[in-house]
Amino acid sequence: MGQMQLVAEVHGERLQQARQLFFDRGLVPEGLVDPLIIRSWERCRRFGLGDTGLTPVLSPMDRVALKTEQERNRCLLIQGRPIMEHVFEQIRDSGSMVILADANGLLLETVGDADFVSRADRVALSAGASWDENVVGTNAVGTALLEETPVSVLGSEHFLEHNGFLTCCASPIFGPDGRLIGVLDISGDYRSHQRHTLGLVRLSSAIVEKRLFEAVHARDILVCFHPRADYLGSPKEGLAAVTPDGQVLAINRNGTEILGIRQVDAVRRDFSMVFESNLSALVDRLRHNPQGSCEIHVNGKAIHLQLRGQLPPLAVAGRVFDEIPAARPAARRPESAGTPKLTLDTLNTGDGRLQAAIDRARRMLGRDIPILIQGESGAGKEMFAKAFHNSGPRRDSAFVALNCASIPETLIESELFGYQGGAFTGARKEGAPGKIQQAHGGTLFLDEIGDMPLNLQARLLRVLQERCVTPLGSTRAIQVDISLVCATHRKLREEVARGTFREDLYYRLNGMSVTLPALRERTDIRTLVSKLAAAETASRGNPVRFSEGALQAMEHYAWPGNIRQLFNVIRVAIALLDDAETLITETHLPEELFEAPLGGAGSTASAPAFDPWAAAPLEGASSLDAISRQAALRALEAAGGNISSAARQLGISRNTLYRKLGRM
């Protein structure tokens with residue numbers, strides 16, 4: 001106790017010297033007080049709060065107005081109240097109080113010892129009062145919000161002298177989207193300060209953040225991860241919310257620190273690009289062991305990962321069927337043995353025209369020259385763009401894609417250029433960066449650039465010329481460094497002639513043009529089929545083969561949907577194999593492959609009344625077994641329960657269909 005008292009006395013003397021230097025002589029008391037406190041004092045002086053002699057008159061807002069603000073912060077209060085009460089139980093009878101404030105420093109709720117609460121009321125340390133730094137000077141609540149870091153303000157470190165009897169420790173609370181939404185504070189008498197208080201409030205704010213994240217994303221897949229398995233479930237774990245189709249919706253601060261990335265590099269990106277693993281494989285692996293975890297590798301670092309929340313069910317014909325346990329466990333394979341990173345080299349499968357496109361693109365690596373990729377829909381333009389990015393010097397930076405045809409015209413501008421808070425109705429008050437800013441240092445891929453509205457073409461041209469972007473509602477230009485890759489199935493020269501595409505932008509984008517051949521024109525279909533099938537069966541550890549008849553049918557088909565359609569057919573064919581089967585024959589392929597005339601760009605065949613393959617997902621989270629069940633149930637329902645008809649539509653025997661239905 002004697003040593004603690006000595007430390008307190010030394011701290012008090014140093015503080016007195018610091019205040020004399022700063023307030024009386026206008027000097028910076030370096031070495032006498034925490035630099036964070038000095039920064040706050042300097043801000044307060046700029047705010048015009050003056051020196052210790054000024055005491056602002058604080059009056060908490062009336063009950064109706066406070067109720068309105070509490071309702072505005074309802075989610076924060078719901079998740080924060082239980083933690084406040086738990087913390088207070090730990091510090092009861094210590095002459096302290098626990099405070100929850102919003103992002104503006106407004107005290108929303110307090111709980112504390114009666115004797116201290118009466119003293120706190122004298123300085124308006126009560127619900128409804130604002131403890132913003134520019135109102136009451138240096139204090140833990142307001143300063144933690146400005147610094148966005150845990151803060152301890154002891155005694156005379158408070159800017160205003162009449163607050164010097166307080167000791168306050170506060171930690172900011174960040175929402176699931178990374179936005180600062182509030183602060184948790186423990187305040188008490190300066191003479192009863194405990195050194196562990198700051199650690200307690202930091203831990204408590206982390207628990208509130210975790211509860212908020214889990215509540216907001218209760219309907220999503222929660223990816224929980226940490227380098228140490230024993231930290232899973234703790235406030236230190238990283239959290240990411242992911243949709244069933246693999247899009248990352250949100251990631252907490254722990255998660256970005258663990259992965260070594262920025263939040264903008266993760267949100268709205270595909271799971272595989274953030275975690276370097278396949279979500280479908282992880283879902284299949286962990287679905288039936290909810291408490292289990294697995295190890296993956298991200299940037300060469302081992303991460304322990306667990307899945308919680310709403311794992312995706314199997315939706316068929318408007319009904320939901322719960323997943324059925326797999327007939328056999330998936331073969332255990334090291335995560336590092338997954339599919340290799342897509343590069344220009346891995347794209348090369350022997351076709352001459354594709355090889356020429358790859359060779360042309362390779363010459364542009366590392367050069368500040370825009371690439372324009374042309375080709376039919378489904379020919380692999382985005383895949384080519386990703387391979388180009390992964391092959392160049394920007395491979396470790398962001399690859400950001402925007403499909404100009406899939407976003408409403410009213411939203412493209414904000415998606416591409418970003419916006420400042422309040423720029424338009426419905427805009428987030430803190431604003432949002434656009435795709436161009438997100439791609440800073442990396443590659444921006446604009447798919448279907450030919451569908452971009454004319455008014456935005458002019459803005460894009462200006463960005464490419466000046467290398468800076470101005471968000472909506474802002475006047476400040478932000479420098480950007482991007483490599484631009486565009487793609488279109490349209491003939492842009494014809495669009496320029498029609499007046500629907502700016503000629504100056506066309507020549508700016510067309511620094512180097514590559515044209516991808518349609519699948520029907522390629523000579524490497526067998527090799528491509530083999531590579532796609534190998535990638536699809538990698539998680540099963542059971543490779544498949546194709547009969548000569550199946551390969552010839554795929555070589556002769558016109559493939560109007562190009563590679564996208566081919567991958568779809570291969571994936572469903574693999575799913576329809578029996579457990580012991582490894583050979584894909586003509587019976588596993590859809591009838592349309594045999595009904596279509598040979599060759600011809602525009603050739604079409606009379607499609608069957610029902611095509612189970614057309615409805616199967618291309619890149620969904622479902623396992624191969626799930627796809628098999630999906631196709632079987634769709635066919636059976638379309639055939640009105642007739643097994644023979646359903647089997648014919650699927651291209652399998654009645655016995656095989658009976659076996660598949662028997663598992664369900």
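**Notebook: a predicted model, region by region**

Residues are numbered from 1 along each chain as its sequence is written, and side-chain values use heavy atoms, with hydrogens and water left out.

**Whole protein**

I looked up the mean pLDDT, which is 80, and found that 80% of the residues reach 70 or more. Residues 313-339 have pLDDT below 50, and beyond near neighbours in sequence this stretch has 43 contacts in the model.

I listed 27 helices and 23 strands; these are DSSP runs numbered from the N terminus, with H or I over at least four residues for helices and E over at least two for strands. Of the 664 residues, 50% are buried, where buried means under 20% relative accessible area, exposed over 50%, and partly exposed in between (1.4 Å probe, protein chains only). Among contacts between residues at least 6 apart in sequence, 64% join residues at least 24 apart.

**Helix α8**

I checked the length of α8, residues 197-216. The expected span is 1.5 Å times one less than the number of residues, so its 20 residues should span 28 Å, and the end C-alpha atoms, 29 Å apart, agree with this. The buried residues of α8 are T197, V201, S204, S205, V208, E209, K210, L212 and F213. I noted that an α-helix has 3.6 residues a turn, so residues three or four places apart point the same way.

**Cysteines**

I searched the whole structure for disulfides (pairs of cysteine sulfur atoms within 2.5 Å) and found zero. The closest cysteine sulfur to that of C168 is in C169, 7.6 Å away, which is too far for a bond. C168 is buried, at 3% relative accessibility. For C486, the closest cysteine sulfur is in C404, also too far for a bond at 7.6 Å. C486 is buried too, with a relative accessible area of 1%.

**S547**

I located S547 in the loop between β22 (545-546) and α21 (548-556). At 14% relative accessibility, S547 counts as buried. A polar atom of the S547 side chain lies 3.1 Å from the backbone nitrogen of A550. Leaving out residues up to four places away in sequence, S547 touches L583, I584, T585 and E586.

Note on methods
Contact means heavy atoms within 4.5 Å. pLDDT is the predictor's confidence in each residue, from 0 to 100. A polar contact is a pair of N or O atoms within 3.5 Å; within protein, one must be able to donate a hydrogen and the other to accept it, and residues adjacent in sequence count only if both atoms are side-chain atoms.
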